[in-house]
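Me: I'd like to learn how to read a structure like this one, feature by feature. Can you walk me through it?

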Amino acid sequence: MQLPDLERFDTLPKLLRLNASAHGNSVAMREKDFGIWNEYSWAQVLDEVRALTLGFVAVGLQRGQVVALLGRNRPNWVWSEWAAQCAGGVTIGLYEDILGEEAAYLLNYAEASIVVCEDEEQVDKLLELGERIAYVRHIVYHDARGMRKYEDPRLIDWASFKRRGADVHADDPGRFDREVDAVTADDLALLCTTSGTTAHPKLAMLQHGRFINHCARYLERDPRGPDDDYVCMLPLPWIMEQVYVAVMPLISRIRVNFPESGETALGDMREIGPTHLLLAPRVWEQMAADVRARIMDASKASQWVFDVGMRRGLEALDAGHRDWFADTFLFRALKDRLGFRFIKSAATGGAALGPDTFRFFLAMGVPLRQLYGQTELLGAYTLQDGKRIDFDSSGVPFEGVELRIDHPDANGVGEIMTRHPNMFSGYFKAPDATAETLEDGWMRTGDAGYLDEAGRLVIIDRVKDIATTATGTRFSPQYIENKLKFSPYIGECVVLGNGRNCVTAVLCIRYSMVAKWAEQHRIGFTTYANLAANPQVYDLLAGEVATVNASLPEAQQIKRFLLLFKELDADDGELTRTRKVRRAVVDQRYAQLIDALYDGSPRAQIETEVTFEDGRKGAIRADMAIHDCGEPLREAA
């Protein structure tokens, strides 16, 4: 596809206006609501954005002020973002499941003057913060259900907000175009939260022109056009979903489809049959686990077809060709069932994906590729070419991107340093953090890796997370964790061993799968904690750990593990909102459990605080068994 003249149309608002004038009748977005897919043309999108833009003008948004967006993935979220940018504002996205304390921190840090919310649930979070979000002057909400009892003067319903914009347009029809023309390529488009694996997230400042130019480099590597479809499945505040939903469609006009809800997303995706897809590793892992779960309930004949088809498919993958039996009797139906029938390009990013999961989808015929990037560098800047089987690398960099390995060891492994002309302009209100991260224009990524003989980037782990046992064995906890998570029965896990005499692990069961297994084996249980404490479940997981250990060098094998009484949770600070493990938090919170893993204790006890979904906190006590790997398994399991 021929891209627009990006020197002339150098801001997101200008690209939106171009698409509406040149391709007004083309479908820009779809949203599923009450089981029906509703379509929006580029002309309709511009009408919505115009009303919202002038609504922001009417309530006094000044150029450069920040508008926060809080809600689930919906077209109105994106329209509000584009509208704020058309009015000269800067946007920041907040994760839908954010807690009040986190919201207060980010809103005050960004000095957000307006918040656009989805519904009563999100409004309640803000109103409970009271005067702690003093910068917020207006709260615009989209869904009015349950809102009649609210009287806060900051509240404005969606319809009233748009009417204010319509009144401005009626009085001054040229106002919208003047606002769009006033936005420049050097203006800030958005503040994007960093991953925050070690502390509160920082806010990377991303400019219109740089964002557009970097996405154009991405499209050179992975083209798409107006006949392609993408399904918005990942949180919109994440940098890569911003790339795929808020910027790329303005350049390439790929159609963006919004599922009805998170619960129906996979089924809705099957109805669309996307050509391009980006999913986080945890989603790919969950999909692979779900396939295995369905097979557990299938007939003996179906299980035989699956086992034989997967074996032959993986053998064919390794040999560089397709297998007729696997494709005919297994993969064709499986791809259709998962919504992958028309897929041209699928990507995974945000964290490493285990090679076993990678092989599973490649054998199926899904053109899955690993990408790599950071928020500060406008998302991905390396991508596998897809021309060869590659489980290890993240591919080669885009045009204009420079990579180097800082202080490499004897194996060439060191910290990855990156720079390109379209990177962020610094951290918002944090010049010291900017200076610490940037070195002569190069960004310290904090990741360890190396460049292979083909110039492809191979990621090992976070620099601070690469571990060395007391006996001098170096290993990557993340690499072992990814192998463990390929098991359908293991959800999150944390591998330990830095400075210790051996490698151990804290495992979380994948509740849906282990519950199904327990039902099949007539094992009674009531809760997650009850199921995770069952001796037969311990034996089940011991078998999975033994399989992983067989693929590892002796010094890197897991010697002891326990099953955590709960899932790791972002609300407890154990995961980031993009589901990355905060190892320092885990080390501190579960220090008693970790000590028990290494002092020979047969059990571990802990009393700790947990956060409930509504933000309330409570104390919990737990007693967990510790399994020594290599012990004989019970016959019943």
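**Reading the model step by step**

Reply: Let's begin with burial, and with Thr357, which is buried at a relative accessible area of 1%. Buried means under 20% relative accessible area, exposed over 50%, and partly exposed in between (1.4 Å probe, protein chains only). Before going on, a word on the ground rules: this is a predicted model, where local features need pLDDT of at least 70 and side-chain atom pairs count only at pLDDT 80 or more, while totals for chains, interfaces and linings use all residues. Residues are numbered from 1 along each chain as its sequence is written, and side-chain values use heavy atoms, with hydrogens and water left out.

Me: Where does Thr357 lie, and which residues does Thr357 touch?

Reply: Thr357 lies in helix α14, residues 355-364. Helices (H or I, at least four residues) and strands (E, at least two) are DSSP runs, numbered from the N terminus. Contact means heavy atoms within 4.5 Å. Leaving aside residues up to four places away in sequence, Thr357 touches Trp284, Glu285 and Phe486.

Me: Is Arg312 buried, exposed or partly exposed?

Reply: Arg312 is partly exposed, with a relative accessible area of 25%. Arg312 lies in helix α12 (residues 300-319) and touches Asp323, Trp324 and Phe325, again not counting residues up to four places away in sequence.

Me: Next, charges. How many salt bridges does the rule give?

Reply: The rule asks for a side-chain nitrogen of Lys or Arg within 4 Å of a carboxyl oxygen of Asp or Glu. By that rule the count comes to 51 salt bridges. In one of them, the side chains of Asp177 and Arg17 meet at 3.1 Å, N to O. This pair links distant parts of the chain, with Asp177 in helix α7 (residues 175-182) and Arg17 in helix α1 (residues 12-22), 160 residues apart. Asp177 is partly exposed at 36%, and Arg17 counts as partly exposed at 22%.

Me: What does the salt bridge of Arg63 and Glu179 tie together?

Reply: The side chains of Arg63 and Glu179 meet at 2.8 Å, N to O. Arg63 lies in the loop between α2 (42-58) and β3 (66-70) and Glu179 in helix α7, so the pair ties together parts that are 116 residues apart in sequence. Arg63 is partly exposed at 40% relative accessible area, whereas Glu179 counts as buried at 10%.

Me: Which salt bridge does Arg621 form?

Reply: Arg621 forms one with Glu607, the closest N and O atoms being 3.8 Å apart. Arg621 lies in strand β28 (residues 617-628) and Glu607 in strand β27 (residues 603-611), so the pair ties together parts 14 residues apart in sequence. Arg621 is exposed at 68%, and Glu607 is exposed at 52%. Salt bridges can also join up: Arg404, Asp406, Glu415, Glu439 and Arg444 are linked in a network.

Me: How do I read helix packing? At what angle do α2 and α6 pack?

Reply: Axes are lines fitted to C-alpha atoms, for helices over the stretch in contact, and angles run from 0 to 180 degrees between N-to-C directions. Here α2 and helix α6 (residues 158-171) pack at about 85 degrees, with their axes 7 Å apart. Angles under 35 degrees count as roughly parallel, over 145 as roughly antiparallel, 65 to 115 as roughly perpendicular and the rest as oblique. α2 and α6 are therefore roughly perpendicular to each other. Residues making the contact include Phe56 of α2 and Phe161 of α6.

Me: And the nonpolar cores?

Reply: A nonpolar core is a set of buried Ala, Val, Leu, Ile, Met, Phe, Trp, Tyr and Cys residues joined through side-chain atoms within 4.5 Å. The largest has 151 residues, and those with the most contacts inside it are Phe56, Trp82, Met240, Trp284, Phe340 and Phe361. Helix α9 (residues 239-252) gives the largest share of this core, 10 residues. Apart from it lies another core of 59 residues, among them Leu496, Val503, Leu541 and Leu597.
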